[in-house]
Amino acid sequence: MAVSEQDGGSGSAAVHPPELVGREREMAELARALDAPPAAVWIEGEAGIGKSRLLREYLARTAGRADRVLLARCPPLHHPQTLGPLVDAVRQVTETVAGLPLSPLAGALRPLFPEWAADLPAAPGPAEDPTAVRHRVFRALAELLARLDVDVLAVEDVHWADEATLEFLLFLASGVPQPVGLVVTCRPEDVAGGSLLRRLAARLAADSVSAAGRLRLALLPLDVAGTARLVSSMLAGEHVSDGFAGFVHRRTEGVPLAIEGAVRLMADRSDLSHGAGGWGRRRLDEIGVPATVRDMVLERLGRLGPDGRAMLRAAAVLGRPADETIIRAVAGLAPGRAQAGLIEALDRGLLDDEGWGQVAFRHVLARQAVYDAIPPPRRRMLHRRAGRTLEALAPPPVGELADHFRVAGERSEWCRYAEWAADLALASGDETTAGTLLHDLVVNGGLPPASTVRLIRKFPFASFAGPARFRELVPPLRAALAATAGDAVQEADIRVQLGNVLLFMGEDDAGRAELKRAIPHLGHDPAEAARAMMRLGWPRSSSWPVSAHLRWLERAAELEVPSMTAADRLGFAADQATARLMLGETDGWALEAGIPDDADAPAEWQQITRANVNLGDMAMLWGRYAVAARRLDTALALADRRRYRRYESVALVTRTHLDWLTGAWDGLAERAAALAESEDILPLARLEVLFVVGQQQAAAGAYGPAAERLRLVLDGEVDSGALADSMEPAAALARLALAAGRVDEALDITEEPAALIARKRTWVWASDLGPVRVAALAAAGRVEEAAKLTAAFARGLRGRDAPGPRAGLATCRAVLADARGEHASAARLFARAAAAWQVLPRPYEALLAQERQARCQIAAGQREVALSLLAEVRERLITLGALGDADRVVSCLREYGVPAKRPQRGGRRANGNRLSPRELEVTRLVATGRSNRQIAETLFLSPKTVAQHLSSSMRKLGVSSRTALAVLATSAEFAQRDVPDRRPGGGAKNR
Ligand SMILES: Nc1ncnc2c1ncn2[C@@H]1O[C@H](COP(=O)(O)OP(=O)(O)OP(=O)(O)O)[C@@H](O)[C@H]1O
Ligand SMILES: [Mg+2]
């Protein structure tokens with residue numbers, strides 16, 4: 001029947017929840033995948049696109065079957081609880097484990113399910129390493145799922161999951177435990193830098209059901225027809241006019257959540273009318289459907305009665321599914337009113353019945369909108385009530401309680417629950433969560449000194465990265481120090497922690513000073529004292545002579561520490577080895593040989609990871625590249641497996657450095673750029689990466705940008721006392737100056753570092769610096785000084801099997817001979833130096849030595865051999881990617897009448913991959929640091945077009961980040977590549 005406009009529902013068009021629209025293909029694929037376990041499905045799409053809906057429809061359709069489904073949700077908690085989503089889900093399907101045939105392994109579940117203490121096996125023995133603990137928990141949890149006959153594990157919103165949950169999912173997805181169907185939903189736009197989620201995505205993703213049962217479903221918005229169907233389904237299936245459907249589609253961009261919200265809002269406002277053509281809006285031009293979900297939600301909230309609103313606000317503060325009693329307690333309503341309010345909110349489709357008496361927001365965006373609109377004082381009050389209410393639960397949800405009391409401003413409760421939650425996290429091996437909680441507590445908790453020390457001792461420093469988080473710990477530690485009131489022992493306890501934190505931050509002098517003051521008062525804690533001494537033995541700052549470091553190293557070695565575990569001993573041995581090698585002491589290698597690549601005892605894993613990073617670095621310093629590569633790769637594998645972020649980033653950086661040295665330059669620019677860009681990296685490590693970037697630029701012939709960058713690196717390293725590390729950038733910078741004929745500058749740059757090496761007698765630091773310094777002295781006519789330096793270098797290396805520095809020494813000798821005009825012998829010596837570099841292998845240095853060999857040969861009249869050697873060098877420089885150097889060699893060849901082609905800029909890439917003039921232009925502007933919008937303004941393009949040019953440039957150049965693109969764009973390759981139709985005066989807009 002047709003209803004006239006006047007008859008049309010006045011104010012209360014009956015609105016139904018939408019029926020599922022579209023998604024037939026997705027549903028079929030989902031069913032196909034999950035019907036054949038082990039399957040793993042990844043469902044992604046923007047907020048409100050219908051991920052949860054698809055999942056729930058699928059689960060509802062299979063509800064008749066015997067499949068047992070565990071549905072876990074990851075709520076957007078400030079401090080997610082370790083494995084919280086899974087624990088909550090398990091609790092939904094069973095109240096007890098009594099009678100389940102569990103193995104002794106299940107004892108590991110105790111921290112997760114304290115309420116089952118009576119029925120779980122005994123707690124497993126202590127394992128010091130968090131990873132071991134975690135894996136025990138994972139295995140136990142997997143066993144529990146099996147015993148509960150779970151066929152499908154569905155995890156909603158994994159972008160909010162805690163690390164342990166993600167790791168568990170990875171563990172499950174590895175398919176080892178038992179075949180269980182795994183489905184996760186995720187909003188890709190909310191995926192933070194967290195590589196774990198990316199790894200999970202990679203592990204689960206495949207574009208269609210593959211042999212291994214992997215499926216990735218990316219949900220897209222509805223089209224106009226779909227929008228019409230959705231709207232119609234909400235209006236009892238009646239026809240919806242095309243104009244109306246188009247209107248809604250434009251306003252909502254086809255996102256189901258927004259469509260649904262728009263229809264409900266219009267119904268609330270009585271804006272819907274029913275005419276001969278079916279449903280439509282009253283007057284299309286009169287109403288503006290609010291564009292954002294937030295506005296829609298708030299307007300709908302405003303239309304509820306006061307009790308409905310109160311219940312909704314309470315539910316928003318709780319932020320997770322809850323039953324009526326709990327919501328009522330938080331809302332502070334009498335039972336009857338609470339029930340009426342709840343029913344109203346359910347009827348209006350703002351809350352949803354989740355089963356088991358639990359209700360939750362239909363959608364997190366709605367929850368967020370309601371929550372944000374609560375005035376702060378009221379919010380605090382509601383959080384306080386939520387805390388008090390949830391406290392009564394057994395077991396108490398400690399993470400949530402910490403959150404509630406924190407917002408409520410109830411400091412002591414917050415601290416109690418947060419520390420409890422951190423302890424639980426540590427007990428399950430979840431260092432990330434524990435670290436976040438403890439950090440927040442120490443920084444914002446305003447705790448008494450004793451608590452600060454207690455909490456800092458619990459800190460899982462290894463899982464920390466980035467100096468900012470360390471820096472924030474300093475003021476509370478200083479405050480604690482000020483509050484000790486002369487208690488020397490307590491003061492020493494705090495000072496050690498402060499010293500450690502400062503050292504972690506790279507503030508060596510300040511950190512050392514604290515440690516030195518603390519050590520005399522650490523008699524009660526010899527292990528801590530020994531650690532502090534070791535840190536003082538670390539040879540970094542310039543203010544200390546090597547002998548002072550060695551003394552501390554020895555004192556540490558002599559200290560009797562009865563409490564030292566095997567793992568501690570290992571760490572000590574590794575630190576001794578590293579420190580001694582850095583000081584150039586050969587006996588460090590004997591210690592190094594005793595450090596294994598792996599250990600059975602989990603307690604030793606972290607020490608071994610760190611040891612391998614450091615020993616890799618030292619092997620690199622000594623020029624033992626094979627050892628370096630093995631150590632670093634070992635460290636990387638260990639760090640990756642066990643999530644030691646700090647070690648991972650340092651190992652990656654050092655590996656990148658090693659790749660630079662050993663000529664593994666393919667993809668290096670991109671890797672370095674990505675590292676330099678990442679947040680999770682210590683300042684010194686970042687400098688090391690920038691060094692690699694600078695060196696690459698220099699090799700490519702972009703001398704100006706390279707020098708700028710290397711200068712930055714050098715200053716940064718000198719400032720932070722990383723003296724061993726500053727030698728290479730100093731050498732690189734001086735080499736650039738020398739090549740440009742600026743001899744004084746080269747002398748200036750190398751003077752202090754050379755003096756330092758001579759003073760400290762750390763000649764193993766001179767691989768790069770030695771040759772440049774000698775060359776600069778020779779160029780300045782100070783040949784005798786150059787000779788003296790070379791002789792001292794040789795003496796300094798005596799008895800040391802350090803191939804890197806030896807190659808440097810060989811180069812010094814060749815340079816010296818050249819300076820003395822002994823060309824034939826210089827040529828031989830350069831050949832020898834080239835061979836010494838080549839065996840490391842350090843091919844770039846070897847080629848540069850050969851180039852000089854050839855030049856000496858020319859000077860010695862052996863032109864023919866020289867030119868053929870040069871031609872070969874040119875070839876190999878190009879292959880390596882050192883186009884700037886190749887250019888120089890070409891010039892030399894041409895000078896002697898040998899026709900040689902200049903290296904083809906970008907020649908390594910296919911012709912079809914050439915950048916268009918526009919792409920080139922956009923790329924150049926990226927290199928200047930402009931944003932897309934700014935580039936768009938400069939070039940009179942739309943930001944969208946700019947983005948397109950950028951992405952096609954990145955594709956053509958084979959890079960995947962903006963920084964990598966910028967790095968490439970500052971290289972010579974670009975500097976020399978001309979835009980074909982660039983004319984003077986012809987601005988971009990003319991094209
Ligand atoms: N294909 C569809 N047909 C009908 N209604 C849909 C469809 N997809 C989603 N909806 C409705 O839109 C609303 C939002 O969908 P849903 O909660 O599934 O989004 P989501 O992708 O899970 O979002 P989030 O990332 O925020 O969790 C729900 O009320 C849902 O019922
Ligand atoms: Mg969802």
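A residue is called buried when its relative accessible area is under 20% and exposed when that value is over 50%, with partly exposed in between. The model described here is predicted. The notes treat a strand and its partner, then a helix, and finally the aromatic rings.

- Five bridges join S2 to strand S3 (residues 152-156), and the two strands pair in the parallel sense.
- Within this pairing, Arg-73 is found opposite Glu-156 of S3.

**Helix H11**

- Helix H11 consists of 13 residues, 306-318, and spans 18 Å from its first C-alpha to its last, close to the 18 Å expected at 1.5 Å a residue.
- Because eleven of its 13 residues are buried, H11 is largely enclosed by the rest of the structure.
- The buried residues of H11 include Asp-307 and Arg-313, together with Gly-308, Met-311, Leu-312 and Val-317.
- Gly-319, which comes just after H11, adopts a positive phi of about 70 degrees.

**Aromatic pairs**

- Two aromatic rings are counted as a pair if their centres lie within 6.5 Å, and by this rule there are eleven aromatic pairs.
- The ring centres of Phe-138 and Phe-171 are 5.7 Å apart and the ring planes meet at 40 degrees, so this pair is tilted.
- This pair connects distant parts of the chain, since Phe-138 belongs to helix H4 (residues 130-147) and Phe-171 to helix H5 (residues 163-173), 33 residues apart.
- Phe-138 and Phe-171 are both buried.
- The rings of Trp-660 and Trp-665 have centres 4.5 Å apart and planes at 5 degrees, and the pair is therefore stacked.
- Trp-660 and Trp-665 are likewise buried.
- One aromatic cluster is formed by Phe-138, Phe-168 and Phe-171.

**Charges over rings**

- Arg-416 places its charged end over the ring of Tyr-417, at 4.8 Å from the ring centre.
- Arg-624 has its charged end over the ring of Trp-589, at 4.0 Å from the ring centre.

Key
Residues numbered from 1 in each chain as written. Chains lettered and ligands numbered in written order. Predicted model: local features only at pLDDT ≥ 70, side-chain atom pairs only at ≥ 80, totals over all residues. Heavy atoms only, no water. Phe/Tyr/Trp six-rings, centres within 6.5 Å; stacked < 30°, edge-to-face > 60°. Helix = DSSP H or I, 4+ residues; strand = E, 2+ residues; numbered from the N terminus. Buried < 20%, exposed > 50% of the residue type's maximum accessible area, 1.4 Å probe, protein only. Lys NZ or Arg CZ within 6 Å of the ring centre and 35° of its normal. Pairing = 2+ DSSP bridges. Expected span 1.5 Å × (residues − 1).
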